[in-house]
Structure formats: structure tokens, C-alpha cells
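Thank you for sending this model for comment. My remarks are set out as numbered points that can be read beside the structure.

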Amino acid sequence: MQKRPTERQAGIVELVRADGFRTIEQLAERFDVTPQTIRRDVSALCDEGLLRRRHGGVEPALEHENIAYRARKVLNVNEKRKIAALVAREIPNGASLFFSIGTTPELVASALLQHRDLRIFTNNLNVAYVAATNDSFEVTLIGGRLRNRDRDVLGPDVEAFFNSYKVDYGIFGVGGIDPDGSLLDFDEQEVRARSAILNNARQSYLVADHTKFGRNAVVRGGSVSDVSAFFTDVSPPAPIHQMITKAGVALHMPEPNTEFPTFIIPEQDT
């Protein structure tokens, strides 16, 4: 699939992930389109690795690696926007920030575009592109081999890059959060880069929506209790909530019926 999923396709993925399985007929009725339209959507989503076919319908794909970035950009986007707006409220003008890879950190960068004079250090080409649209921002991007699929840079040089600075805030996501509070990712290099961000930021901000709770990513690195603040869209499962409360981690969630300011997400050419 050359383009990222449509809003309907993103809705199909979220529904199937929530329920574990949906028939073509159920999806057609839910989205008020023909079964032929749903089959085309499902075929595209299976080709992208987001879902897989099962007799009579479709189920979530087995995740041996993370979903392609362009597909993740539209999954749970409303929840991620709320998280990004919460983070933006905590960042003052003139601050220095690390940004990790991931779609939620990119949305945080977008939510910060009304700020002034931020100094941003990142290995995320998507974040750098967004931040560069604010002329008052100073953006430092690590050089190295680009992961085309994710538009980011990983490797030993990235760890050295983040270890070379001490900044006010580190903004990072994760592949998953285990029920025991472990932070999980799909690649050892992702974990090492994230650890360098956490260790060299005065305030470490974990940004993750509810789908990360219990998600099966295999590489472990750190705990939710290690961060300064956790920004999410719903209350975490009880064991994790108790863990972060005991550790003194600040928990930020949107209040019910709260209206958040809209922010423009600069579009990149695809």
C-alpha cells in the first residue's frame, strides 16, 4: 500500500484489535459500506501487516516487528493528540528537549509549534521536519544511516549523540508496557536510544496511549516507574497505577469532556 491507511481503515484496525476478530459482514455494517469495499480495505491492511485474514473475517496480525510508521500515524490519532496537548502545557518557552522516535512524540512536536525558542535534539526525521516549520526553534538532528521505513536513525552514534547533551525534557514513547511495568520495544537499538534520552534529561516524559498496555514487544529496557511523568489517554491498569504512584511519577490524563486546542500537523510529501 503506497499511502497510509484512510480514516476508515484505521477504524477497522482499531475495532479488530479491540475485539480480536470481526467478520467482513460485521465490518461492512459497522462502517455502512459494501462488503466489497471492506474486502479491499482488509486486503490493503493485510498487505501492510496491520491485520491478517482468518476464515470468514480478519484478526490482528502477529507483531514480530513494529507496524510501519505511515500506518501508525493514523492509529488512535485522537488519543495521541490529547496526549500531545497535555505535554505541550507542561513545556515552557525556551526549553531544551530530546525527542525519540515514534508517532506520539511527532504529535507532541506539532503541539509545541505555538511555543518559542525551543532547542530540539532528535534522531526522528519526522520530528525534525515538524519542528523546523517554527523559525524560532533550533533543531539538531543526528546524522547516520536512515531507516527508510520509519524515517529515523538508530545505532551507537545515536546513544553518543544523546549522551553529549543535558536537556530540560526528554519526550519518548515505547512499543509496549508490560503488566509488570517494564518498558518494551521491538529493537535493542531503540531501547538503548530511549535509555540515553531518559538518563540525560532533567525531566523524562513517557507518552503512550492505552493500546501500549500489555502490548507484546519483546525487548525490555527500564520501567514505567523510572520516568518523571507519564502522559496517557486513560487510567493505567491497577498494578501499573499503583507502581507509578508509589514511585512518585506524575500521571497526566485528559479530564472528561475537556476541550483541547487544535493544532496543525505539517504534512510531508509521500
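1. Basis of the model. This is a predicted model, in which local features need pLDDT of at least 70 and side-chain atom pairs count only at pLDDT 80 or more, while totals for chains, interfaces and linings use all residues. Residues are numbered from 1 along each chain as its sequence is written, and side-chain values use heavy atoms, with hydrogens and water left out.

2. The three-stranded sheet. Helices (H or I, at least four residues) and strands (E, at least two) are taken as DSSP runs and numbered from the N terminus. Three strands form an open sheet in the order β1-β3-β2, with antiparallel pairing, where two strands pair if DSSP finds at least two bridges between them. Its edge strands are β1 (22-23) and β2 (51-54), each of which pairs on one side only. Four bridges join β2 to strand β3 (residues 57-60) in the antiparallel sense, and R53 has V58 of β3 as its bridge partner.

3. Helices across the sheet. Axes here are lines fitted to C-alpha atoms, for helices over the stretch in contact, and angles run from 0 to 180 degrees between N-to-C directions. Helix α1 lies across β1, β2 and β3 and runs at about 75° to β3, whereas α3 lies across β2 and β3 and runs at about 120° to β2. Contact, in this note, means heavy atoms within 4.5 Å.

4. Packing of α1 with α3. Two packed helices are described by the angle between their axes and the distance between the axes. For α1 and α3 the angle is about 75° and the axes are 10 Å apart, which makes α1 roughly perpendicular to α3; angles of 65 to 115 degrees count as roughly perpendicular, those under 35 as roughly parallel, those over 145 as roughly antiparallel and the rest as oblique. The contact is made by R8, Q9, I12 and V13 of α1 together with T37, I38, D41, A44 and L45 of α3. By class, these residues divide into five nonpolar, two polar and two charged, where Ala, Val, Leu, Ile, Met, Phe, Trp, Tyr, Cys and Pro count as nonpolar, Asp, Glu, Lys and Arg as charged, and the others, Gly among them, as polar.

5. Packing of α2 with α3. Helix α2 (residues 24-31) packs on helix α3 (residues 35-47) at an angle of about 110°, with the axes 9 Å apart, and α2 and α3 are therefore roughly perpendicular to each other. From α2 the contact draws on I24, E25, L27, A28 and F31, and from α3 on P35, I38, R39 and V42. The contact of α2 with α3 has seven nonpolar, no polar and two charged residues.

6. Packing of α8 with α9. Helix α8 (residues 156-163) and helix α9 (residues 188-199) pack at an angle of about 5°, their axes being 8 Å apart, and α8 is thus roughly parallel to α9. V158, E159, F162 and N163 of α8 make the contact with R192, A193, A196 and I197 of α9, and by class the contact of α8 with α9 has five nonpolar, one polar and two charged residues.

7. Salt bridges. The structure holds nine salt bridges, a salt bridge being a side-chain nitrogen of Lys or Arg within 4 Å of a carboxyl oxygen of Asp or Glu. In the pair of D185 with R194, the closest N and O atoms are 2.8 Å apart; D185 is buried at a relative accessible area of 6%, and R194 is buried at 4%. Buried means under 20% relative accessible area, exposed over 50% and partly exposed in between (1.4 Å probe, protein chains only).

8. Two further charged pairs. R54 forms a salt bridge with E59, with 3.1 Å between the closest N and O atoms; R54 is partly exposed at 42% relative accessibility, while E59 is buried at 11%. D168 forms a salt bridge with R202, its closest N and O atoms also being 3.1 Å apart, and this pair links distant parts of the chain, since D168 is in strand β9 (residues 167-172) and R202 is in strand β12 (residues 201-207), 34 residues apart. D168 is partly exposed at 25%, and R202 is partly exposed at 48%.
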